[in-house]
Amino acid sequence: MTSPLSHPFLQVENLARIYPSPTGGDDVTVFDHVNFRIHKGEFVAVTGHSGCGKSTILNILAGLDAASTGNVFMDGREVAGPSLDRGVIFQSHALMPWLTVLENVSFAVKSRWPRWNKQKVCDHAMRYIELVGLKGAEHKKPSQLSGGMKQRVGIARAFSIEPKMLLMDEPFGALDALTRGVIQEELLKICAETQQTVFMITHDVDEAILLSDKIMLMSNGPHARIAEIVNNTLPRPRERSAIHKQPHYYPIRNHLVDFLVSRSKQFGALRDAPDATSSPTVFDPADLLESFESTQPELNVVPAPPVGKPHIHLVNA
Amino acid sequence: MKTRLSLNQKSTLLSLVLFGVILLVWQLATLPQADTVAAGVDPEYAALMGGGGATAASSFPTPAAMGQTLWDKLSDPFYDNGPNDKGIGIQLAYSLVRVLGGFFLAAMVAIPLGFVIGNSRVIYQAVDPYVQVLKPISPLAWMPLALYTIKDASASSIFVIFICSLWPMLINTAHGVANVRHDWLDVSRTLEVNPLRKAFRVILPAAAPTILAGMRISMGIAWLVIVAAEMLVGGTGIGYFVWNEWNNLSLTNVLFAILMIGVVGMALDSVFGVLSKRVAYQE
Ligand SMILES: Nc1ncnc2c1ncn2[C@@H]1O[C@H](COP(=O)(O)OP(=O)(O)OP(=O)(O)O)[C@@H](O)[C@H]1O
Ligand SMILES: [Mg+2]
């Protein structure tokens, strides 16, 4: 299904965001030399410290924001503004509080297919409301829903327009761990069914491993860039409860946590060499397993998962 | 047996008690008292006010007299015996038509204009100084200008209502539209919603509570202003009625008119109260 040899579905070239300095000194470069590509059907997770510019990149991909330099191409065409081809799931769910669940989703469906009659719009919207497990709540207003339910409506709305690509900015950041787990599994199922191409920002390392095919790690700003890309080859279908039993799970996880804790700061050297290579280092789980084992020679087995496995959650600075 | 009164029952009871107290004080204050009317009052003024000490009774109506008037007037509100003698219903209807006319004209101008102003920072700042200067002008100050240019008295009072209703609606609409949450606008941008649909399906409902609050303030002001406007231009309407009854020295009728102005004002306000509840949303 994915054809990595042909031109990639989404191509980001040399993206940078520069703000003029408020004090009149040097301009502030939040990130620059951002290059990456996403293939059709791929699920890409991005993580990095607060303020490195993840949301800005997502908004540029969505067409809601413009880059200072660089280009984004989707399906061979340049992204110049927002489009129905790219669905966005907002962190703050962004539901319209004066509309019911059904009306919120229908509003999107009607925007996508303006010629459809009422019944068709309603049926289509209901399909996606059922998909996220909200059947029965379709006539409720957002204020009558829990945080998790609201986020599900946001997911249903984004999927209902059948976009070519889905963009998610920390979609589950505001949810409690239990609800987050349930919705993550639902998302996993829906993405598998629809072969959806996804770009997702997350601060949750476990979430990234569970959901994605590729994890992009951003170094700290200013002059942030995508420093490393980890190919997540853990076999699908994945399950939250069993994923940590995969031999590659801990090597990947440790690699990610290591990056966030220490390596993300070390890329500052790049700042002084703006022409330095702008392509990130790519890691495969096989390499990681090797180094994982070499650093833990006495432990040749995958450590048993601790009971009630804690989420490594980066606290926003 | 112990009975517990609900909050509503308690407040109703208290309201009734207050009403009783008011009636009592009123009754006591208007008890007929010989020779007191002239006391400390310029005799000429007293004479003007209705007979000096001769009648002995206070010229301020008693609650009973008031009740009688209320009954008489309300049992036949729509009679018309010429320009100076019309039923209260007719007078109120004149005023209401003027208020509603001026108000809706203002809404038709203020809401679309507020949309435009609220949507553009540039226009907002360009128009702001004019609004700031025009807003504090007493609507009655426009009256001479209106009478001179429009010539018709009734149309002039509609114009005055128009002017005074304009500003709260304009300012609130612009404010409401300018402060629609960015998330909702971003959603409609990513859904490629066309501008007209965005205006009616996103911005209007989002700003509706603010707009309606402006309309409610406007209506309140309009109802205050119409009484004064009609006192000035005369002819018909509740304001003219008050003025006319003052000239007739019928304080009972003046009091009655005051009561009616209050009741109608309350009714108008409660209409907007209901409408605001309709468009309110909880985030
Ligand atoms: N108007 C501005 N002027 C200067 N810098 C700005 C301005 N707006 C945003 N920034 C900077 O841009 C950077 C990127 O912000 P962004 O919201 O994309 O970060 P993020 O990676 O999504 O962070 P988080 O994980 O906290 O959501 C921040 O460091 C912020 O300080
Ligand atoms: Mg962010």
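Visitor: Is Asp186(B) buried or partly exposed?
Guide: Buried stands for under 20% relative accessible area, exposed for over 50%, and partly exposed for what falls in between, with a 1.4 Å probe and protein chains only. The relative accessibility of Asp186(B) is 15%. Because of that value, Asp186(B) counts as buried.

Visitor: What kind of model is this, and how are residues and chains labelled?
Guide: Residues are numbered from 1 along each chain as its sequence is written, chains are lettered from A and ligands numbered from 1 in the order in which they are written, and side-chain values use heavy atoms, with hydrogens and water left out. Local features need pLDDT of at least 70 and side-chain atom pairs count only at pLDDT 80 or more, while totals for chains, interfaces and linings use all residues, since the model is predicted.

Visitor: Which residue forms a salt bridge with Asp186(B)?
Guide: A salt bridge is a side-chain nitrogen of Lys or Arg within 4 Å of a carboxyl oxygen of Asp or Glu. Here the closest N and O atoms are 3.8 Å apart, and both residues lie in helix α8 (residues 182-190) of chain B, three residues apart, or about one turn of the helix. Helices (H or I, at least four residues) and strands (E, at least two) are DSSP runs, numbered from the N terminus. The partner of Asp186(B) is Arg189(B).

Visitor: How many salt bridges does the structure hold over all chains?
Guide: Side chains of opposite charge can pair when their charged atoms come close. Counted over all chains, the salt bridges number 17.

Visitor: Where does the partner of Arg180(A) in a salt bridge lie?
Guide: The side chain of Arg180(A) meets that of Asp204(A) at 3.1 Å, N to O. The pair links distant parts of the chain, 24 residues apart, with Arg180(A) in helix α5 (residues 177-194) of chain A. Arg180(A) is buried at 9% relative accessibility, and Asp204(A) is buried at 2%. The place of Asp204(A) is the loop between β8 (197-201) and α6 (205-211) of chain A.

Visitor: Which residue pairs with Asp213(A) in a salt bridge?
Guide: The closest N and O atoms of this pair are 2.8 Å apart. Asp213(A) lies in the loop between α6 and β9 (214-218) of chain A and its partner in the loop between β10 and α7 of chain A, so the pair ties together parts that are 23 residues apart in sequence. Asp213(A) is partly exposed at 22% relative accessible area, and the partner, partly exposed at 40%, is Arg236(A).

Visitor: What phi does Ala94(A) have?
Guide: Ala94(A) belongs to the loop between β6 (86-89) and α2 (101-112) of chain A, and its relative accessibility of 0% makes it buried. Although Ala94(A) is not a glycine, its phi is positive, at about 50°.

Visitor: What phi does Leu249(B) have?
Guide: Leu249(B) is found in the loop between α10 (238-247) and α11 (251-279) of chain B, and it is partly exposed, with a relative accessible area of 42%. Leu249(B) is not a glycine, yet its phi is positive, at about 60°.

Visitor: Which side chain has an N or O atom 3.2 Å from an oxygen atom of ligand 1?
Guide: A polar contact is a pair of N or O atoms within 3.5 Å; within protein, one must be able to donate a hydrogen and the other to accept it, and residues adjacent in sequence count only if both atoms are side-chain atoms. A polar side-chain atom of Glu170(A) lies 3.4 Å from an oxygen atom of ligand 1, and a polar backbone atom of Cys52(A) is 3.4 Å from an oxygen atom of the ligand. The side chain with an atom at 3.2 Å is that of His203(A).

Visitor: Which helix gives the largest share of the shell around ligand 1?
Guide: Twelve residues surround ligand 1, and the closest are Ser50(A), Gly51(A), Lys54(A), Ser55(A) and Thr56(A), where a residue is near a molecule or strand if one of its heavy atoms lies within 4 Å of it. The largest share, three residues, comes from helix α1 (residues 54-62) of chain A.
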